[in-house]
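Here is my note on the model. Please keep the coordinates open while reading.

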Amino acid sequence: MACLSPSQLKKFQEDGFLLLEGFFTADECVAMQQRIGEIVAEMDVPLHCRTEFSTQEDEQLQTQGKTDYFLSSGDKIRFFFEKGVFDEKGNFLVPPEKSINKIGHALHAHDPVFRSITHSPKVQALVRSLGLQMPVVVQSMYIFKQPHFGGEVSPHQDATFLYTEPLGRVLGLWIAMEDAMLENGCLWFIPGSHTHGVSRRMIRAPSDSGPGTSFLGSDPVWASNLFVPLPVRRGGLVLIHGEVVHKSEQNLSGHSRQAYTVHIMEAAGTVWSPGNWLQPTPELPFPPLYS
């Protein structure tokens with residue numbers, strides 16, 4: 001049953017995250033992986049758009065904040081790459097399919113396979129059981145976590161990048177396409193850390209000043225012993241509260257750790273910050289989940 005039980009709902013409210021094992025079938029995971037393979041095979045990224053992805057603050061400002069390719073990707077399917085996969089001219093140093101960090105940020109809108117998964121009856125039932133009245137899909141990503149060098153994701157809160165007023169209106173759905181274990185970079189969480197607000201915000205520069213971002217505030221140094229790992233088998237779904245602190249380590253194993261993630265916002269009574277890097281567009285307003 002896709003609906004949360006009272007005990008599951010209570011655990012999510014207490015911890016800020018919840019694992020639902022076997023939410024998607026192996027066949028559903030295979031369909032998404034095959035479709036991603038097709039998308040990657042057709043990939044054509046101009047040299048000047050080959051952007052390395054990072055969650056380190058200085059590198060975020062250097063790469064994402066200075067490129068319109070990232071800032072205008074909210075309503076498109078675009079490709080972002082691991083560090084060190086290009087030479088000085090932007091040519092690939094490794095096979096292109098092994099170089100991708102993630103694809104974002106509108107697979108849910110533009111690809112029929114990912115649209116059907118995102119709006120599937122069981123996802124809708126799950127979100128309804130959380131009490132969301134008017135959820136909209138704000139972004140989606142396919143994350144590769146490549147073997148041997150898939151980059152770490154430093155501790156962060158999703159609401160740093162997807163800020164709302166009031167807080168507590170953003171929900172992440174993280175779906176394991178492959179087993180996500182300690183050795184290949186599973187998620188780690190600080191249980192209960194979603195109750196302390198947001199310590200840092202990424203702000204988009206005004207449109208008249210050109211593309212760019214900056215950060216307001218700073219994250220505390222979260223002690224490593226506060227984090228607990230969350231291994232997930234293929235097909236498992238992790239609910240992630242928008243303010244819970246989480247991270248993942250670099251993947252030094254020989255196995256990738258692919259995942260499909262979706263972020264949803266309760267639109268009823270919520271203001272999506274005009275300072276967020278991601279904004280709805282006339283071509284793609286945030287689509288209702290229940291449709």
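What is the strand order of the open sheet of four strands?

1. The order is 5-13-8-11, with antiparallel pairing. Strands here are DSSP E runs of at least two residues, helices are H or I runs of at least four, and both are numbered from the N terminus. Two strands pair if DSSP finds at least two bridges between them. Strand 5 (153-156) and strand 11 (228-230) are the edges, each pairing on one side only.

2. This is a predicted model: local features need pLDDT of at least 70, side-chain atom pairs count only at pLDDT 80 or more, and totals for chains, interfaces and linings use all residues. Residues are numbered from 1 along each chain as its sequence is written, and side-chain values use heavy atoms, with hydrogens and water left out.

3. Strand 5 meets strand 13 (residues 246-248) over two bridges, in the antiparallel sense. Val153 has Ser248 as its bridge partner in strand 13.

4. Helix 7 (residues 121-129) has Val123, Gln124, Leu126 and Val127 buried (under 20% relative accessible area, 1.4 Å probe, protein chains only). They sit on the same side of helix 7 because they cover an arc of only 160 degrees around the axis, taken from the directions from the helix axis to the C-beta atoms. Among the elements covering them are helix 6 (112-118) and strand 4 (135-143). Just after helix 7, Gly131 takes a positive phi of about 90 degrees.

5. Phe79 deserves a look. Leaving aside neighbours within four places in sequence, its contacts (heavy atoms within 4.5 Å) include Ile39, Met43, Tyr69 and Ile103.

Key. Buried means under 20% relative accessible area, exposed over 50%, partly exposed in between (1.4 Å probe, protein chains only).
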